[in-house]
Amino acid sequence: MPDATGLELLARELGDAALETVYYRNRATVVVDPAQIRGVLRTLRARGYAFLASVHGVDHYPEEPRLGVVYELLDMSRVDRITVKLRVPTDAPTVESVTEDWPTADHQEREIYDMFGVVFEGHPDLRRILMPEDYEGHPQRRDFPIGGEPVIFTRDEAKWLEARE
Amino acid sequence: MEIKREPAALRVQSLNARQLLRGGDLEGANQSAHLEDTELERYVEERVLTTTLDKTVAWARSNSFFPLGFGLACCAMEQFHAAGPRMDIARFGFEVFRASPRQADLIIIAGRVSIKMAPIIRRLYDQMLEPKWAISMGACCSSMGVFNNYALVPADKFLPIDVHVPGCPPRPEALMHGVLKLRKLVQNDPDMGWRERYDAVGTEESPLDA
Amino acid sequence: MSPAPTPVDSPALSDYRRREQSIDLAPVGEQLVGLDHENETTEELLTLNFGPHHPATHGVLRLLVTLQGEVVRDLKPIIGYVHTGIEKTAEDKAYWKAIPIVERMDYLAYYFNAMAYVGAVEALVEVEVPTRAQYLRVIHLELNRIASHLIWLGTSALDLGASSIFLYCLRERELILDLFEMSSGARMHTRYFQVGGVIEDIPAGFARKLREFLKVMPERADEYGAILNANEIVLQRLRGTCPLDAETLLGLGVTGPLLRAAGNPWDLRKAAPYSSYEHFEFKIPVGTVGDNYDRFAVRLAEIYESVKIIEQALEGLPEGPHITEDRKVALPPRHELATSMEALIHHFKLVTEGFRVPPGEVYHPIESPRGELGCYVRSDGSSKPARVHMRDPSFVNLQALAPMCRGNYIADMIATTAMLDPILGGIDR
């Protein structure tokens with residue numbers, strides 16, 4: 001991980017794209033402006049972080065803007081990791097897709113679309129990947145109910161059978 | 001024991017059944033022995049295996065299940081071990097895991113059934129030929145298992161299951177116990193009428209029938 | 001063909017024959033005659049659906065394959081058939097209760113799932129893991145690596161036709177599962193790793209049984225190598241088929257034995273050691289060409305290296321606690337509950353509510369048998385995680401299947417899927 005000073009210098013290099021830096025438990029994170037994510041990742045690639053390890057989504061419910069996308073970058077030659085985060089609101093959940101520069105983001109962005117509803121512009125094939133194609137709703141959002149079957153205890157059995165009729 | 005080589009001795013001896021039943025033996029009918037009533041019954045029981053055709057068929061079916069090789073998740077690993085060298089499923093005659101549902105008569109649903117997979121499993125079950133049985137292996141397909149959430153469906157909801165094997169994952173011994181229980185079930189040749197509740201009697205002939 | 005076809009409306013014909021005779025083959029004949037071999041796109045392309053229920057797909061993977069003859073022109077994997085909502089379920093449970101949930105993700109590398117998650121939580125809570133626990137973790141992780149590679153070898157050999165290897169590998173895996181049963185009570189999904197260490201120390205007799213296993217395993221691995229490397233069919237199917245260079249693999253995010261087979265020696269156990277891997281001497285097998293044979297050889301060689309690591313860990317196993325002494329995070333030992341009030345209160349709080357984790361986010365990557373397995377945990381200060389995401393290596397490696405198989409035969413595609421080692425539980429989560 002770049003240490004705290006290295007992180008600040010990196011953020012300064014990113015200019016106005018970097019909104020915030022977080023250095024927590026020896027891990028460096030840069031929060032960026034969603035509109036400039038491709039440029040940010042290109043800059044970081046030029047700085048040596050050439051491997052995109054993971055792209056995943058977070059739901060910050062109830063704080064707005066709610067939907068977050070997290071990019072984990074890795075510099076293999078210096079064994080250095082950095083995290084890039086961005087946050088988009090639910091009413092305008094569009095982020096530019098980075099699949100062209102980083103082919104690994106293909107399935108991972110589809111998963112974020114499926115689970116959170118973040119729409120990636122420019123993605124070659126944005127469809128649901130884990131849920132059935134015609135599923136409605138975005139399961140991993142925090143206000144989506146967890147679902148499941150009711151657990152029927154013997155004491156409730158009569159009530160449940162009645163309710164089924 | 002001396003072997004008689006005279007041609008007369010090599011001729012097939014057609015024996016009168018009556019001679020046999022009346023107490024005769026293979027080397028020459030002993031006409032003097034007569035058995036009546038209960039003695040006759042006992043004599044016959046000791047020597048002749050009587051059965052009905054149904055029971056024979058049930059016995060044959062139960063001892064030669066052709067499982068459909070259908071593993072979904074972790075339980076599939078324990079299913080491999082049940083077919084493996086230590087807990088050998090082949091000693092019961094069930095090692096022929098068929099790849100095609102049309103050739104199988106037992107589907108062991110091993111693993112978690114997601115909502116995307118459920119119609120496919122149902123389709124596979126429909127394509128199996130009668131008579132067919134289903135074992136639900138593991139907690140996830142018997143009930144919801146560890147994961148009580150939006151993504152899973154217990155196999156009971158869309159498929160008639162004959163034996164549920166609990167465990168997460170069940171040991172190979174537990175799976176064997178379940179399969180042997182099914183074997184006993186089949187030997188007693190049960191009436192499968194309850195499967196009509198699932199509309200699961202019969203075989204899907206062609207994709208257009210679905 | 002039949003000498004003089006009966007007229008189509010004759011009552012003597014069955015339905016089937018009537019349909020057959022009314023098919024006009026002329027247009028297809030024109031197509032076949034007018035083939036333009038230079039411009040291959042005028043030929044007929046056939047889209048075939050493999051799976052999700054298919055004997056050669058490892059788990060429920062569905063592949064939409066576009067074929068031209070027997071050559072694969074395009075490949076589209078469709079997944080989600082064993083999606084279990086693990087990440088959502090883990091949000092509903094206390095931190096340590098989510099360990100069994102997360103373990104069931106990549107169902108062959110269950111200790112690795114637990115390790116990634118527990119490592120992330122330990123980083124958030126900032127708890128020290130005692131050295132004995134770290135060594136025990138390494139022993140179990142490497143045993144699990146061997147077990148995972150054994151199933152991979154068995155099922156891949158089964159796909160290629162060498163079905164007896166499957167039974168041999170299961171024989172060894174039974175020994176490993178016996179060891180797991182000895183240390184934790186369960187063969188799979190043992191929830192042995194806990195936040196701060198391991199749940200129980202190894203019992204008496206474990207070390208002896210482990211030593212016996214370590215003596216036997218390299219000989220057996222030699223056997224497998226001898227059988228498969230002398231098998232002409234296996235060699236022809238694996239050598240030179242579906243290679244992919246390291247650059248493309250890195251672009252696709254592929255790590256693990258696939259990347260090492262292509263020549264890049266990236267291994268998190270050496271590059272960023274965790275859980276005292278730096279105390280052990282071991283080599284990283286690296287391939288040269290990046291074809292299927294290299295992927296196979298790299299994984300087979302990794303079995304030997306894992307045996308070496310376990311030997312060193314067993315020799316150097318230090319005395320000490322098997323879990324952290326911090327009672328706010330780890331359950332106190334049961335004998336203390338009878339005498340100490342604080343222990344009772346800690347036990348009660350931990351079991352009912354669980355420990356609270358200060359708000360923050362952490363991504364903790366480890367090296368699983370398939371590549372980089374990372375766990376991202378976000379905590380919001382309560383006793384349940386706000387987001388658990390497992391970066392599964394198979395999910396990312398699956399994207400490499402299409403570039404590998406384009407332009408090669410179907411049979412090579414089967415061999416490549418086997419060498420890719422996809423675990424659908426991890427892919428679908």
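How many residues of chain A are in contact with how many residues of chain B? Six residues of chain A are in contact with seven of chain B, where contact means that the C-beta atoms, placed from the backbone, lie within 7 Å. Keep in mind that this is a predicted model: local features need pLDDT of at least 70, side-chain atom pairs count only at pLDDT 80 or more, and totals for chains, interfaces and linings use all residues. Residues are numbered from 1 along each chain as its sequence is written, while chains are lettered from A and ligands numbered from 1 in the order in which they are written.

**Where the chains meet**
- The side of chain A that touches chain B has three nonpolar residues, two polar and one charged (Ala, Val, Leu, Ile, Met, Phe, Trp, Tyr, Cys and Pro count as nonpolar, Asp, Glu, Lys and Arg as charged, the others, Gly among them, as polar).
- Over at the B–C contact, chain B puts in 29 residues and chain C 27 residues.
- On chain B's side of that contact, helices H5 (74–82) and H6 (118–127) each give two or more residues, and H5(B) gives the most, with five.
- That side of chain B splits into 18 nonpolar, six polar and five charged residues.

**Chain B's build**
- Chain B has eight helices and four strands, taken as DSSP runs numbered from the N terminus (helices H or I, at least four residues; strands E, at least two).
- From the N terminus on, the order is α-α-α-α-β-α-β-α-β-α-β-α.

- Residues 28–32 of chain B fall below 50.

Key:
pLDDT is the predictor's confidence in each residue, from 0 to 100. Two residues are in contact if their C-beta atoms, placed from the backbone, lie within 7 Å.
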